Each structure stands twice: as C-alpha cells, then as structure tokens.
Number of protein chains: 2
Amino acid sequence: MTENTEVATIRTIAILGGTGKEGKGLGYRWAKAGYRVLIGSRSEEKARAAVEDLRGMLGSVQDLAALTNDEAARQADLVVLTVPFGVHKTMCEQLKDAVQGKILIDVAVPLVPPKVTKVQMPPAGSAAMEAKEVLGDAVQVVAAFQNISYEHLLKDEKIECDVLVCGGNKASRQVVLKLVSDAGLIGWDAGVIENSVVVEGMTSILIGLNKQFGIESAGIRITGVPRPDEN
Amino acid sequence: MTENTEVATIRTIAILGGTGKEGKGLGYRWAKAGYRVLIGSRSEEKARAAVEDLRGMLGSVQDLAALTNDEAARQADLVVLTVPFGVHKTMCEQLKDAVQGKILIDVAVPLVPPKVTKVQMPPAGSAAMEAKEVLGDAVQVVAAFQNISYEHLLKDEKIECDVLVCGGNKASRQVVLKLVSDAGLIGWDAGVIENSVVVEGMTSILIGLNKQFGIESAGIRITGVPRPDEN
C-alpha cells in the first residue's frame, strides 16, 4: 500500500514557528512518540530555548534539534507550519524551495482581530488554500490541528477534541492521520483542501463558545461513526 | 428580557419546501411540541399530502395546515426555508415581501453535484448569506439544522448531532435556539452570519464521512462546554 510506504518514511518532522505553544505542544507529543522533531524559528536562539523547555519535560526520551525555519524545513521529511496568520503568506514564500515534494501540515487559522469570533477568510479561500497557491502542486498541503486547545497537548491530558484533516491527496491525508493518532488524538479524513474553510472557520465558532461560557475548552467531536475510543 | 418576549411571540411556524423530508421532520417535531405548523409547497396539493402524512403520525396532538409557500410565509410568525439549493435564490426572491420583519431559518446547504463532499459556496459566501443579500436587513436570516440526518427526526430517536445556530442578531438566535430545544435537539449560538459557511460546509464533510464508512449517521457534537445532556 502506498499509504504505508509513505507513513514509514516519516521520521523527521520540522515544526516551523515551533517556539509558540501550538508548535511546542505538537513537538512534545511527537518527540514522545519517537519522531525526530526539529523546532524551527526565525531565531535559532529562540528555537534553542524551546528545545531546552521540551527536553526538561521529556527527559531522556527525545530526539530534538533547534534550527532556523529554513534549515528545519530542508532537513525534515514533513513540515508543520504553526506561525501566526499575519506572517503565514510570507513564510510560505520563504519556504517554497525547502518544502517541494513534501507534505506541509498547515495549522494556521486566519483570525482577524478584533472580531476573532467571525469567520474571515483570505482571498485564496482559506489559510491552507493560500499556502497551496504559493507553494504549488508539488507540495501536499494538508490542513489539521486548528481546533485543539494547545494547553492540553503539553499536559498529557486526554483531549476532548477531534482533528479534521483535509487537503493534499488521500495518501498524504493518511500520513497526517497517522501523526494525529501518534499525538494521542482522534482524526478524520475531511476531504479536499476546499473543505479547510470549515475546519479553520470552526475555530472562530469555538472561540465564540469559549467566550460565552468563560472557558477555554470548547471542541468538536464527530458522532455516529465507528470511533477508536468507543467499542 | 427582549429575548423572552420574542420567544413568546412565536406560535405559528411556516415550513417552506415542507413536503421534503427535512421539512416534514422539523414540522413533526414542532407540531408535537405544540406549535402551529404551516406546511408550504409550490403545490397546495403536495402540501396537503404531507400534512396528511404528519397527521397520521401525530394523532390528535397537532395543529397543522397545508398552504402555498407564499401564503404560509404570510401567516407565520417565523419562516423556515428547507428547499433544495437549486431553487434557493429564486425562492428568496419570491418570498421577499412575505417575510419582511420576521426571522427566516435557512436550512439550505449549497451542495453542488456530483462533488457533494467538496465545500462549494455561492458568490454571496454561503446559502444563508445569499438569502440575506436577497431579503435585506429587515429579515433576520438565521442558519441552522444543516447537519442533521432527517430520518431521525420522524422517528422520535435521540439525535446524536448538535445544531449550530448562526446569523441574525443575538435575540433572533435565542429564538431559534428555543425552537432547536423544542425539537428535542441541542443547539449552540455559533455567532454571526459569516460563520454559516462553516455550518453549511460541515455537511459536505459529514457526507464524506458517511461515504467512507458506508453509514448515514455522521454528525458533530460540541465538547468541553456545559451541556444540557451531561451533569
């Protein structure tokens, strides 16, 4: 099966913007699952500080390195983009060479302050579609992880929020679904990249619910399907 | 409270395109909850057949009438639009006069066959935004009920799918949330009408999951919030 072959080749994951809480949280989970994790940042010094933090939490079980974003992207089998939306397009332009032929997981949510509870997509249609427009057809842009509260990732807590995975081709979504599972989360194949507007936009709805209830934990769960956490 | 005053005034609900399974399902639930339900159709004869069906299921506890779409809209306190997306815009144009000053619940999902698993929104941004564009600011267009499997509505079954309610002003969303609850469902205030792209588009993702698993029951559930069905 093509899917398994591709899954097997993912050994090194670059997390760009990896010094933010999203990036650190995902890096923590994947390093713990045995992947080599490259934390990328504009500043190698900031990347080193994030790696030191993660080393403190992970103990001896880890394979981590601090690099610039570009160097991390070049050395990785798969690249995860967790930068704020304000620098998303510029980052994609800067990364274009380094990610050709790879899968890029786009975690960006196009929130436009101050109305972050209102869905506001960029001209391309979504952040992931903007990435695809910049990076071209040789990169499999897959949208995922936009709806997770990242605080939970670093706490080894069970996360009550599913991950909808869309974009790229079916094989690349399977690769990402394996990474979702290895991060301790439940993921679903949510189809083509045009569907990323739903997944990214859901974040604004969840932020709105968090505000209504004075919480930070609103998430979604797919129902009526055979779930790995229900027997 | 303005919200309660408005809730109290909703007594008669028109369901346009009410002869389809979505409309009949919602009409069944609301008639059962004690509302007067007007089933509208282009053909009064079709509307009468649907009302006869519902009378058979509801027994004596019902207040139902069969009307043309226009007459139903004129007589109702609140109008529900459950027509197929192909006639959505035309219906909104025809209804414009009859719905001024009312709440219109838009159930339409802009599916574009054959790729119904791919989110494809109309130029206005979503079906609900298209309705608002046609109907103007004096109509509170609220998007809801797009993600429900309507088979379950007619069966008195507990439905494992939440209802995200967005659009209109906050008071009109509260009115609709009361109707969601009276239909035996759990609803959430999902914010402004721009968020309807997420709720309508989610239907394509759920159809995709149904196809993947050979089921018809995929739905969503909001997690991490205080739920009325969890104590």
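**View 1. Ile220(A) stands opposite Ile222(B) in strand S9(B).** In this predicted model, strand S9 of chain A (residues 219-223) pairs with S9(B) in the antiparallel sense, over 5 bridges. Two strands pair if DSSP finds at least two bridges between them; helices (H or I, at least four residues) and strands (E, at least two) are DSSP runs, numbered from the N terminus.

**View 2. The contact between the chains takes 33 residues from chain B and 33 residues from chain A.** Contact means heavy atoms within 4.5 Å. Together the chains bury about 2700 Å², counted as the accessible area (1.4 Å probe) that two parts lose on being put together, summed over both; 70% of this area is on carbon and sulfur atoms. On the chain B side, Val198(B), Ile205(B) and Thr223(B) lose the most area to chain A, together 20% of what that side buries.

**View 3. Lys118(B) forms a salt bridge with Glu194(A).** The closest N and O atoms of this pair are 3.9 Å apart. A salt bridge requires a side-chain nitrogen of Lys or Arg within 4 Å of a carboxyl oxygen of Asp or Glu, and 2 are found across the interface. The elements giving two or more residues to the side of chain B that touches chain A are strand S8 (187-189), helix H8 (196-213) and strand S9 (219-223) of chain B. The largest share, 10 residues, comes from H8(B).

**Notes.** Residues are numbered from 1 along each chain as its sequence is written, and chains are lettered from A in the order in which they are written. Local features need pLDDT of at least 70, side-chain atom pairs count only at pLDDT 80 or more, and totals for chains, interfaces and linings use all residues, while side-chain values use heavy atoms, with hydrogens and water left out.
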